[in-house]
Amino acid sequence: VDAHRQTVTAKDQGQVETAATLIGCKKESLVRALTNRTIEARGDKVLTALTGDQAFYARDALAKAVYSRMFSWLVMQLNCSLENQERSRKSVIGLLDIYGFEIFQANGFEQFCINYCNEKLQQLFIELTLKSEQEEYFKEGIEWERVDYFNNKIICDLVELQHQGIIAVLDEECIRPGDVSDLTFLTKMNKLLGKHVHYLSHETANYENRKFIGREDFRLKHYAGDVTYRVKGFVEKNNDLLFRDLKEAMSVSPNPILLTAFPSSELQSQRRPVTAATQFKDSLSNLMTILVSKQPSYVRCIKPNDDKKGGIFDEPIVVHQVKYLGLMENLRVRRAGFAYRRTYEVFLERYKSLCKETWPNWHGSPKEGVKVLVSALGYLPESHRFGKTKLFIRFPRTLFDIEDKLQERKHGLATTIQSEVRMHFARQRFLRMKLAVTVLACHWKRKAAQRLLQRRRGAVAVIRRFIIGLRIEESREAKTTN
């Protein structure tokens, strides 16, 4: 950097040459992209030199972009290798390991994104366990006493709401012309979000809370607790843009991986690249869409102590986690709720063999059939409830008992099926034997009839000769008499 920090040059040409060799581009192209920038104005392109701060920013942005895109390429290759190659559908079990909620002494942009992700996952947990569970009981007309819980949707909206959320305010500051800094971003948040119950800053806090919040900090009241974020670096990390000259240098690299990570089609787009926070929000939204379409099961991890020692449970830490994770409310819902629920059609189709009235076919409505079936099984009234479209069973033991009876019934049904099959094959064998006997009898009768016919024909011939001989004898005697 020159004395006036107006232009920059590469101090160590060896390091530049090494970087260019690893990337696969020409040294001159890399140096020009790191020290200059092409600006388009009214159809004309002007090459301007970067200042020292701009060059440092371009260098860091290139390093981050190469790392980020290489990582994305690696994930894409792993997903392709793990993808089902057969046309038939396969059932799989996916594991999603999510980083925990982070509260440090100094929290920045990274902790903000991580805690926002945890808020979204907590919201999904609430939707799938507490909210949807209770709403289903009310929808089915099941008598139910509502269990109150904290719905963190208000915090998620504070972060992600369009035109009003923190991410929207941050993106707006990044694209706003003029003097933009982290403090202007904080000022705008104070103006738009100052009255929000889950937002607090030095300017909007009262006298007592103002002592614990710095002038460059803001505090969010997350479901896991209050977190104070230092606003320094928010604008820079969110507006992590890569200059067009650097993209051009990467897009002509002979390295096939870099060509995939930096496609030339990206240079044709004139739109402003998406900010880091918006990318994170969109990626998180896609993750939520995938999780909602599946049947997730949760494994909640409790941190026993802050010292990372085994066999030590710090009660205040454990109780705090149990409360903010909503485990107590979830436990109340599970205890008072029903462990099993199925539509009447499915339940009747599976267990109809356990009742004589419903086996093998039930000609009434499925609900009436389930009532007859449950009555035949002798269930107690408190063990189940009849909804509008589903049967609810409260205790798992009740379901285990009916499954045991179904297994025993299957053995009986298997014996019945075996006997029917054996009877069928035995009858088929009998019919074949009967047919064979009939064929043999017909053949024997034919042979006997043929023999009788021959004997009768022989007898007829003898009688005929006798009669003929007798007539000849009589004619001779007549001639002799004459």
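**Salt bridges, core and surface of a predicted model**

A salt bridge joins Arg397 and Asp401, with the closest N and O atoms 3.9 Å apart. The criterion is a side-chain nitrogen of Lys or Arg within 4 Å of a carboxyl oxygen of Asp or Glu. Both residues belong to helix H18, four residues apart, about one turn of the helix. Arg397 is exposed, at 52% relative accessibility. Asp401 is partly exposed, at 35%. Buried stands for under 20% relative accessible area, exposed for over 50%, and partly exposed for values in between (1.4 Å probe, protein chains only). Helices (H or I, at least four residues) and strands (E, at least two) are DSSP runs, numbered from the N terminus.

The model is predicted: local features need pLDDT of at least 70, side-chain atom pairs count only at pLDDT 80 or more, and totals for chains, interfaces and linings use all residues. Residues are numbered from 1 along each chain as its sequence is written, and side-chain values use heavy atoms, with hydrogens and water left out.

The whole structure contains twelve salt bridges. One of them pairs Asp217 with Arg230, at 3.8 Å between the closest N and O atoms. Asp217 lies in strand E4 (residues 217-222) and Arg230 in strand E5 (residues 225-230), so this pair ties together parts 13 residues apart in sequence. Asp217 is buried, with a relative accessible area of 12%. Arg230 is partly exposed, at 43%. Glu349 and Lys352 also meet through their side chains in a salt bridge (3.7 Å, N to O). Here Glu349 is exposed, at 54% relative accessibility, whereas Lys352 is buried, at 14%.

The largest nonpolar core comprises 35 residues. Such a core is a set of buried Ala, Val, Leu, Ile, Met, Phe, Trp, Tyr and Cys residues joined through side-chain atoms within 4.5 Å. Phe112, Ile166, Phe185, Met189 and Phe218 have the most contacts inside the core. At least two core residues come from each of helix H4 (109-139), helix H5 (153-160), helix H6 (166-175), H7, E4, E5, helix H9 (234-238) and helix H13 (276-293). H4 supplies the largest share, seven residues.

At the surface, Ile463, Phe466, Ile467 and Leu470 make up a nonpolar patch. Together they have about 390 Å² of accessible area. Areas come from the Shrake-Rupley method with a 1.4 Å probe; for residues, only the protein chains shown count as cover. Patches are made of residues with over 30% relative accessible area and no salt bridge; like charges are joined within 9 Å, and nonpolar side chains (Val, Leu, Ile, Met, Phe, Trp, Tyr) within 5 Å. Phe466 is part of helix H18 (residues 396-481). This residue is exposed, at 58% relative accessible area.

Thr35 lies in helix H2 (residues 27-35). Thr35 is buried, at 12% relative accessible area. A polar atom of its side chain is 2.7 Å from the backbone oxygen of Val31. The Thr35 side chain also makes a polar contact with the side chain of Asn36, at 2.9 Å. Thr187 lies in helix H7 (residues 182-193) and is partly exposed, at 48%. The backbone oxygen of Leu183 is 2.8 Å from a polar atom of the Thr187 side chain. Between the C-alpha atoms of Thr187 and Ala449 the distance is 121 Å, with the two residues 262 apart in sequence.

The structure holds zero disulfides, a disulfide being a pair of cysteine sulfur atoms within 2.5 Å. Cys113 is in no disulfide; the nearest cysteine sulfur, in Cys117, is 9.5 Å away. Cys113 is buried, at 10% relative accessibility. The sulfur of Cys301 lies 15 Å from the closest cysteine sulfur, that of Cys117, and this is too far for a bond. Cys301 is exposed, at 66%.

Gln295 sits in the loop between H13 and helix H14 (315-324). Gln295 is exposed, at 79% relative accessibility. Its C-alpha atom is 43 Å from that of Glu216, 79 residues apart along the chain.

Notes
Polar contact = N/O pair within 3.5 Å; in protein donor to acceptor, adjacent residues only side chain to side chain.
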